[in-house]
Amino acid sequence: MNGNEFAVTVEKLTKRFGKFTAVNGISFETRRGEVFGFLGPNGAGKSTTIRILCGLLEPTSGSATVAGLDVATQPEAIRQRIGYMSQKFSLYNDLQVIENLNFFAGLYSVPSSEIRERAEWAVRMAGLEGREHAMTASLPVGWKQRLALGCALLHRPPIVFLDEPTSGVDPVSRRQFWALIHQMSGEGVTVFVTTHYMDEAEYCNRLVLIDRGAIVAMGTPTELKRGSMKGELLLVECEPLGAGLEALRAAPGVEDAAVFGRALHAVVRDARAAAGPIREALGAHQVTVSRVEPIPPTLEDVFVALTAGRAAREAVRS
Amino acid sequence: MSLPRILAVMRKEFIQIARDVRSLLIIFAIPLILLFIYGYAVNLDVKHVPLCVYDRDGTQQSQDLLKAFQASEYFRIVHLARDYREVVDDIDSGRCALAIVIPPRFADDLNAGATSVQAILDASDSNSASIGLDYTRAVVAAYSSRVQVAWAQNRGMAPPVPPLDVRSRTWFNENLESMADIVPGVVALVMAVVGAFLTSLTIAREWERGTMEQLISTPVGALEIQIGKLVPYFLIGMSDTAVCAVLSVIWFGVPFRGSWTILFASSALFLVVVLSLGYWMSVVAKSQLAASQFALVATFLPTFLLSGFLFPIDQMPVVVQWITRVLPARYYITILRNIFLKGTPVRMFASQLAALGIYALVLVIMATRALHKRLE
């Protein structure tokens, strides 16, 4: 059995709320010790999946195991072995930092001889030295998130589930947080993390792209970028952007186009051959083109390409 | 079951209570406020009825009768009217609840054999009016028997003896003060507020603030949460009970004839009932507002209106009397009066204790089964 190899296995997992299907028959595995990313826009089914894995929701059909235990029948045994950080900040704002840590250490049955040492470890890890007696409500969001991570790790769980841990956190704190995740991973902890920030996916060992309850792609960041893009990518800088996008979509050889920041990305079969015709097509629509050049795809490009294709197929089917 | 986990929940709950001004106010201020309202302000005794007198005779005899009214603690003469219009004014304005009008030739008629006085009552408060009328009859009857005795003595005859008489002995509340039976009931009212209202907030607050999701993702069991959350409120409720009981006896002079052990044992049972009810509502409603309103409607109001706390149950319509039988507060109030005023042995209210015990058991089970460690 692969129970030793995989921290999480998910098999045809489905979750419906009334008529709404939040998670639609997904299957994947998470290996021990890896940073496993669950990437997708809001409402894709990320939180629902993570809540099923933590035993907080019952699956409608399909099955899943965490640390070799069945989520439907052994949720309590799973809770002993995991740490969980929910999407919404959910520590006690009216408790001090140290009181929150002591509380969760008690709930996780950390031996009383170790509680102090573990709480001190969590304070150091979260960079909260000197703030032990600060009221949790008074901490900035990024600090609160690190404290929540500390609370989830007090009992040294082999697997942690982090649901959008960096949502609403400033870029510096986000980078700090990811450094912590990699530190944990280095210590052998399996980290299952969801995010809707595409750039964060690059930090994961492996990831799943999920959209509207279904998996659209799976693999390492490199595999995804290499394998999932049909064609090559062109960066197009032009003015005005809106008219440029319309003209670009109609231009010969362009399979898809989307806005990325202050520029456009176009998916083409052959980047070298397409550059010239694109300049001409945009020029014909009174769009000033300042730059057209081939670029390596980011995961966001991959995601847009994959979900656009899926949406188009669904539109054709219906 | 893990004791450290229960202790962790208890400690957290105590810290949160100590930091919440609203909870502290309810715990410390409500018992005192209720005790003083019902000890002082609410008085069902009819005493010092404001009285207006209109003496149209103005003789020694008529003044004697009025002195008899003045001497009674049930009346307080507030106005000596000079004509009928003033009498009507006094009653209309509510300055007086009762007017006594002594007719002209009162003394002459009295000496000749018989006469009467007029009593005008403001019956917009029917209870006080009928009691006031009874007092009036009593004062007048006492006066007329004095007249009879004097009349007989003047003629050297033996004073007339009424053939029938009532010799009363008032038990339990010797001075017939309503305060003495209301104040012990305040204990029940305080428990309904502190017990049910505060606990109705506990679980709902965790749901509303989003802390529940983190809590149920840990290995802590539903029963451990329940015990850890209810024990602090149980200790607070018992302390409030002790404060109320001691103040009733020391400050208000309510007699205490039963056993303190039985008082605390039965209070513990009733407290488990209201705590579990509040907790159950909190789990089911998941909203602090809804749960606290339910809790007040289900505990405070029936305790106040239907438990016999203020209004005697045997005076209620039969259907309402049946309803009172399902209220745990009714049994608790009966037990409280037994312990404070009567000092009867436990077997006299064993059935009430058993009723409370059954309620406690049922509600604890309901509360325990309500909380599931799931988000749905």
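Lys286(B) counts as partly exposed because 15 C-beta neighbours lie inside 10 Å. The model is predicted. The backbone here deserves a look. Lys286(B) is not a glycine, yet its phi is positive, at about 60 degrees. Its place is the loop between α10 (260-285) and α11 (288-305) of chain B.

Arg105(B) also has a positive phi, near 65 degrees, and is a residue other than glycine. The loop between β3 (98-102) and α5 (106-112) of chain B holds Arg105(B). Arg105(B) counts as exposed, because it has 12 C-beta neighbours inside 10 Å and the exposed class covers 12 or fewer.

Glu239(A) and Pro240(A) are joined by a cis peptide bond, with omega about -5 degrees. Pro240(A) sits in the loop between β11 (232-239) and α8 (241-250) of chain A.

The largest nonpolar core has 171 residues, and Val160(A) and Ala188(B) touch the most other members. Helix α7 (residues 178-209) of chain B gives the most to this core, 18 residues. Leaving out residues up to four places away in sequence, Val160(A) touches Ile82(A), Gly83(A), Ala152(A), Leu153(A), Met184(A), Val189(A), Val191(A) and Phe192(A). Another core, of 20 residues, lies apart from the largest one; among its members are Cys52(B), Ala81(B), Phe106(B) and Tyr135(B).

Last, the domains. Chain B is assigned domain 1 (3-42 + 179-370) and domain 2 (49-154). The C-alpha centres of these two domains of chain B are 49 Å apart.

Methods: Residues numbered from 1 in each chain as written. Chains lettered and ligands numbered in written order. Predicted model: local features only at pLDDT ≥ 70, side-chain atom pairs only at ≥ 80, totals over all residues. Core = buried A, V, L, I, M, F, W, Y, C linked by C-beta atoms within 7 Å. Helix = DSSP H or I, 4+ residues; strand = E, 2+ residues; numbered from the N terminus. Contact = placed C-beta atoms within 7 Å. Domains from an automatic or database assignment.
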